[in-house]
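Subject: Structure handover

Hello,

The structure is below, with its sequence. Please load it before reading on.

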Amino acid sequence: MEYKDFDESFSLAGKTALVTGAGSGLGRATAMMFGRKGADLALVDINAAAANETSGLMASYGRKIVCLQCDVANEEDVEKMTADAVAALGRIDILINCAGVGFLDDAENLSMEIWDKTMAVNLRGAFMVAQKVGRRMIGQGGGKIVNFASQGALVALDNHSAYNASKAGMLGLTRTLAYEWARFNIQVNAVSPTVIVTELTDRTWVGETREKFLRSLPAGRFGHPNEVAAAALYLSSDASNLVTGANLVIDGGYTIQ
Ligand SMILES: NC(=O)c1ccc[n+]([C@@H]2O[C@H](COP(=O)([O-])OP(=O)(O)OC[C@H]3O[C@@H](n4cnc5c(N)ncnc54)[C@H](O)[C@@H]3O)[C@@H](O)[C@H]2O)c1
């Protein structure tokens, strides 16, 4: 793809974005920031009420928004959701692959049920959404995909064997999709946050584990969802047209130690 001048304020005006996990936390923050930057949106979540709530929070933005209930681990759901999003918005320029689950247990006790559920949503689900949306992007001449990985894709964290394996897989998937789809003008990148204050981490990072981790974080604080949304914004804007297969780490320095 030729170089083209881009909007230096990362405007998404005239673009459409599909955000999975848009009912909560990082997905909600990313959807809302993208709405403020001018994108029309498909808000996708297994929890329909939560996606509707996100839509309600954006009521004053003046954007076109469609809320779609979908379990990203279910292929039929993903096929239908993708078709419905295209029918509502015309095309999908940006995919934010954010839906995820975090079940923690020590490796010697982790059940296979938890392992399978984690992989089904975090890795297989992310691939299925990327595949169905990617086919449309190939047909329309390009697009952007941002996969939500984690610092846990890069370093060990106590009790995170299934989660970290799913997120390390997400980075392998990101590089491979980026390589295969560069010829179709689709850029595929990942973001890897540290602990960001959301409902997921309020459940999982508690007590002494939380305090101990905070002490080991060079920045000395957890992140805000908007700090991850801003990274996803850069990777979804034309400013990053030459960036593909990258993993943008947003971790206050945790993984450089
Ligand atoms: N919050 C963090 O500290 C952090 C750090 C690193 C990575 N991440 C990743 O960012 C993403 C979002 O995390 P969050 O903290 O916002 O979590 P969250 O629990 O607040 O939100 C996750 C959303 O995904 C939805 N979801 C769950 N399973 C689904 C399914 N099968 N199909 C469709 N939707 C489903 C949930 O309903 C929820 O709305 C996840 O992939 C997570 O692993 C989060």
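Two conventions apply. This is a predicted model, so local features need pLDDT of at least 70 and side-chain atom pairs count only at pLDDT 80 or more, while totals for chains, interfaces and linings use all residues. Numbering starts from 1 along each chain as its sequence is written.

Overall fold. The protein has eight helices and seven strands; these are DSSP runs, numbered from the N terminus, with helices being H or I of at least four residues and strands E of at least two. Its C-alpha atoms fill a box of roughly 45 × 40 × 35 Å along the principal axes. Of the contacts with a separation of 6 or more, 74% join residues 24 or more positions apart (contact: C-beta atoms, placed from the backbone, within 7 Å). Of the 257 residues, 47% count as buried (20 or more other C-beta atoms within 10 Å of the residue's own, C-beta atoms being placed from the backbone).

Strand E5. Six of the six residues of E5 (residues 143-148) are buried, so the strand is largely enclosed by the rest of the structure. In a regular strand the side chains alternate between the two faces of the sheet. Here Gly143, Ile145 and Asn147 are buried on one side, and Lys144, Val146 and Phe148 on the other.

E5 pairs in the parallel sense with strand E4 (residues 94-97) over four bridges, where pairing requires at least two DSSP bridges between the strands. Isoleucine 96 has valine 146 in E5 as its bridge partner. The chain runs from E4 through H4 to E5 in a right-handed β-α-β crossover (with the strands pointing away from the viewer, the path from the first strand over the helix to the second runs clockwise).

E5 also pairs in the parallel sense with strand E6 (residues 186-193), over six bridges. Phenylalanine 148 stands opposite valine 191 in E6. The crossover from E5 through helix H5 (residues 161-181) to E6 is a right-handed β-α-β crossover.

Ligand shell. Of the 31 residues around the ligand, Gly21, Ser24, Gly25, Gly100 and Leu200 come nearest (near: C-beta atom, placed from the backbone, within 6 Å). Helices H1 (25-36), H4 (112-140) and H6 (199-204) each supply at least two shell residues.

Regards

Terms used:
Buried ≥ 20, exposed ≤ 12 C-beta atoms within 10 Å, placed from the backbone. Contact = placed C-beta atoms within 7 Å.
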